[in-house]
Amino acid sequence: MPIQVAVCGPRHCTDRDAVNAREIGRLLAQAGAVVLNGGGIGVMAAVSAGARSAGGTVVGIRPGATREDANSDLDIVLATNMGEARNAILVWSADAVIVVGGSWGTLSELALARRRGVPVISIGGWQLLNADGQPVPDAPPTAATPLEAVDFALGRD
């Protein structure tokens with residue numbers, strides 16, 4: 001069974017986050033990973049497009065009751081009708097999580113993954129610091145490049 005990697009990020013992302021997400025999707029697809037995401041716009045659409053461009057399989061886990069608002073680069077759309085609770089489905093279905101950029105929903109996915117013990121890496125987004133401004137002991141590492149994030153997610157680091 002291929003590894004399943006969730007790529008999480010905001011629906012309203014920066015241009016840099018979109019570029020990173022697209023490259024992450026492409027690299028994951030080339031490695032044979034199944035790409036999971038929220039199936040919407042922003043980082044989700046960029047990672048879907050990147051994976052699709054490399055012939056990958058892309059699964060979108062949507063918060064609503066229909067598949068109609070899903071991005072066009074998904075192979076499979078799961079309409080959960082669970083709102084943000086779908087974040088738990090996304091994280092529990094993943095073997096690893098790559099966080100691109102940051103939003104409150106993305107932070108919840110990061111936290112759920114860490115609580116579950118799923119490997120998580122962040123690129124261009126959330127950094128968890130203690131009161132002294134130092135990374136918390138179990139904070140996810142940060143990647144400088146999409147390749148570094150993918151290598152971590154695939155256990156190639």
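Ser 53 is in contact with Arg 22 and Arg 26, leaving aside its neighbours within four places in sequence. Contact here means heavy atoms within 4.5 Å. The structure is a predicted model, in which local features need pLDDT of at least 70 and side-chain atom pairs count only at pLDDT 80 or more, while totals for chains, interfaces and linings use all residues. Residues are numbered from 1 along each chain as its sequence is written, and side-chain values use heavy atoms, with hydrogens and water left out.

Ser 53 lies in helix H2. Helices (H or I, at least four residues) and strands (E, at least two) are DSSP runs, numbered from the N terminus. Ser 53 has a relative accessibility of 47% and therefore counts as partly exposed. In this scale, buried means under 20% relative accessible area, exposed means over 50%, and partly exposed lies in between (1.4 Å probe, protein chains only). The C-alpha atom of Ser 53 is separated by 26 Å from that of Thr 142, 89 residues apart along the chain.

How many of the 11 residues of helix H2 are buried? The count is 8, so the helix (residues 43-53) is largely enclosed by the rest of the structure. The buried residues are Val 43, Met 44, Ala 46, Val 47, Ser 48, Ala 49, Gly 50 and Ala 51. Their packing partners include four strands by name: E1 (4-8), E2 (34-37), E3 (57-62) and E5 (96-100). Helices H1 (15-30) and H3 (86-92) also pack against the buried residues of H2. Just after H2, Gly 55 takes a positive phi of about 80°.

Gly 9 has a relative accessible area of 10% and so is buried. Its contacts, leaving aside neighbours within four places in sequence, are Val 43, Met 44, Val 100, Thr 106 and Glu 109. Both Val 43 and Met 44 are among the buried residues of H2. Gly 9 and Val 43 are 34 residues apart along the chain, yet their C-alpha atoms are separated by 5.2 Å.

The overall fold was examined next. The protein has 5 helices and 6 strands. Along the sequence they follow the pattern β-α-β-α-β-β-α-β-α-β-α. The radius of gyration is 14 Å, close to the 15 Å that the globule rule gives for 157 residues, so the protein is as compact as a globular protein of that length. The radius is taken over C-alpha atoms, and the rule is 2.2 Å times the number of residues to the power 0.38. Along the principal axes, the C-alpha atoms fill a box of roughly 45 × 30 × 30 Å. Of the 157 residues, 45% count as buried. Among contacts with a separation of 6 or more, 53% come from residues 24 or more positions apart.

The surface was also computed. The protein exposes about 7600 Å², and carbon and sulfur atoms supply 52% of this area. Accessible areas come from the Shrake-Rupley method with a 1.4 Å probe; for residues, only the protein chains shown count as cover. There are 12 positive and 15 negative side chains. Lys and Arg count as positive and Asp and Glu as negative, with His and the chain ends not counted. The centres of the two sets lie 4 Å apart. Each charge is placed at NZ of Lys, CZ of Arg, CG of Asp or CD of Glu.

A search of the whole structure finds 1 aromatic pair. Trp 104 and Trp 126 form this pair, which is tilted: 5.6 Å centre to centre, with 45° between the planes. Rings of Phe, Tyr and Trp (its six-membered ring) pair if their centres lie within 6.5 Å; planes under 30 degrees apart count as stacked, over 60 as edge-to-face and the rest as tilted. The pair links distant parts of the chain, 22 residues apart. Trp 104 is in helix H4 (residues 104-116), and Trp 126 is in the loop between strand E6 (120-123) and helix H5 (146-153). Trp 104 counts as exposed because its relative accessibility is 67%. Trp 126, at 24%, counts as partly exposed.

Pro 135 is also placed in the loop between E6 and H5. This proline is exposed, with a relative accessible area of 55%. Pro 135 touches Leu 128 and Leu 129, not counting residues up to four places away in sequence. Pro 135 and Gly 83 are 52 residues apart in sequence and 31 Å apart in space, C-alpha to C-alpha.

Asn 81 lies in the loop between strand E4 (76-79) and H3. Its phi is near 55°, a positive value in a residue other than glycine. Most residues other than glycine have a negative phi. Asn 81 is exposed, with a relative accessible area of 56%.
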